[in-house]
Each structure stands twice: as structure tokens, then as C-alpha cells.
Amino acid sequence: MPFLDHLEELRWRIAKASVVVILIGIVIWIFQEWIMENVFLSMSDPNFVTFKFLCVHFDMCVDKIPISMQSMTVSGQFSYSLLMSFMGGVIFGFPFIFYQLWGFVKPGLREGEKSTAAGLTFFVSLLFFLGIIFGYFIVAPLAIKFFGSYKISDDIENIFTINSYMSTIISTVFYCGLFFLLPVASYLFTKIGLITPQFLKKYRKHAIVTVLILSAVITPPDVISQIIVAIPIVILYEIGVLVSLRIYKKNFEQN
């Protein structure tokens, strides 16, 4: 197609994705109070499912997290209602969004590349939602527990703004979803020649150290919590190495 026709197709695909995000966002907006109380604020409750699981299986029981919440700007609660609705629309509409973007790119691939990438939307969506689940039930509650309980002095009270609290949870969960796409990124970057399995193996130790540092920062200061967060990410990195190795052998060594 001519260049302008490509732009027109991209515009319509973006419009379709935007409509889906808006429709999902409207549903979230309607149920915002229930979502705020049961999805976000419940994460600071010792009875949250993650804390109960750690208490029963690892004897790591959580006491009441000493935090309170406040909104310090006129539009604070309204703004974060909008953010919650928008991000919810993006997260739950992600499979359709990726399907539209992939549908725009796919016609430009060769037949062999199309067959290799068959089912990509399914696997990308699956990994993304696994990352969302991991972020929501593991990383975010541990981060809230650590920062909510941490005090320089008992005379200083932890009073979180809705901005800080919501940003921590939403960004953590969303970035975990993106991070779980590491095997897909390894596949694509190896496919176009930006990385090689040798590169990933060379910097494996650096990656593991970085993961451990990040795990230590966002989790309580105990080894079990750090391991719980670090192991899945390290496994994903190793899967990315294997994916890169397979693609590299198939596309480059045979040539």
C-alpha cells in the first residue's frame, strides 16, 4: 500500500484499540469504589491473600501496616479515579491492543516469519497477564508492607498520599507485566540481529545481580521474600537465553 494508506490503517487500528480501552475504563469507573477498596486498599490489610499465604506456609505473619491515606490536592481523588480507569483499560485491553499492532506489522513479514510468529498474540498476552498477577500478588504487597512499616523514628507517622500509594501499586504491577515479556523481547531482538545468545550469556551474572538488588530494594529485609521475587525473573531471563539461542541457530548459523 502507499505510505498514506499505511498511516490510515494504523489510525483506524489505534482508534479501535482506544475504543476498547475507553469501554473497559467506563466499566472500571462505574465500580471504582469497590475496586479501590478491594483491589488497592486491601493490599495494606494483614488479611490480604499474599500475607495470609506467607503466614500459613512460611510463618511470616504480618502485623497491621501502620499507614493512613490522604489526598492533598483538590483534584487528587478524581485524577486517580481517571488513572485507575485508564490503566485498567490498558491492562485488560492489552490482548486486543497487541492484536491490532501485530495486525499492522504482520503483512510486512515474509511467509516464513509469519509461520514462526504464529500464536504470538496468545503467548504475549499470557506472559503479560502472568506478570500482572505476579506483580499484584507478590511484588506490590511486599513493597507496600516494607515501605509502610519502615520508620526512621517512631515519632514519624507514615501518611501516604493517594498519589504515592496508587503510583507504587499501578507502576509495579504494570512493569511486572512488561518485564514478563522478556522471552518475547529476546525472540524479536535476536530475530532482527540486535542481540545474540552469546551477549545474553556474557551478561548473565550482571543481570542476576541486578535482579537480586531490585528484589532486595522492593521486598522486606528477609531472604525468603527476596528469593520469591527473584526466582521467576531469573527463570524468565534463562528462558530468554534459550529462545535467543534457538532463533540464532535457525536464522543465522544455517545461513
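View 1. F122 counts as exposed because its relative accessibility is 54% (exposed means over 50%, buried under 20%, partly exposed in between, with a 1.4 Å probe and protein chains only). F123 comes in at 48%, so it counts as partly exposed. This is a predicted model: local features need pLDDT of at least 70, side-chain atom pairs 80 or more, while totals for chains, interfaces and linings use all residues. Numbering starts from 1 along each chain as its sequence is written, and side-chain values use heavy atoms, leaving out hydrogens and water.

**View 2. Helix 7 against helix 8.** Helix 7 (residues 120–149) packs on helix 8 (residues 162–179) at about 145°, with the axes 7 Å apart. Axes here are lines fitted to C-alpha atoms over the stretch in contact, and angles run from 0 to 180 degrees between N-to-C directions; helices are DSSP runs (H or I, at least four residues) numbered from the N terminus. Among the residues that meet are L127, F128 and G131 from helix 7, and Y165, T168 and F174 from helix 8 (contact: heavy atoms within 4.5 Å).

**View 3. F128 and F174, ring to ring.** The ring centres of F128 and F174 sit 6.2 Å apart with planes at 80°, so this pair is edge-to-face (rings of Phe, Tyr and Trp, its six-membered ring, pair with centres within 6.5 Å; planes under 30 degrees apart are stacked, over 60 edge-to-face, the rest tilted). It ties F128 in helix 7 to F174 in helix 8, 46 residues apart. Both F128 and F174 are buried.

Note on methods. Helices (H or I, at least four residues) and strands (E, at least two) are DSSP runs, numbered from the N terminus.
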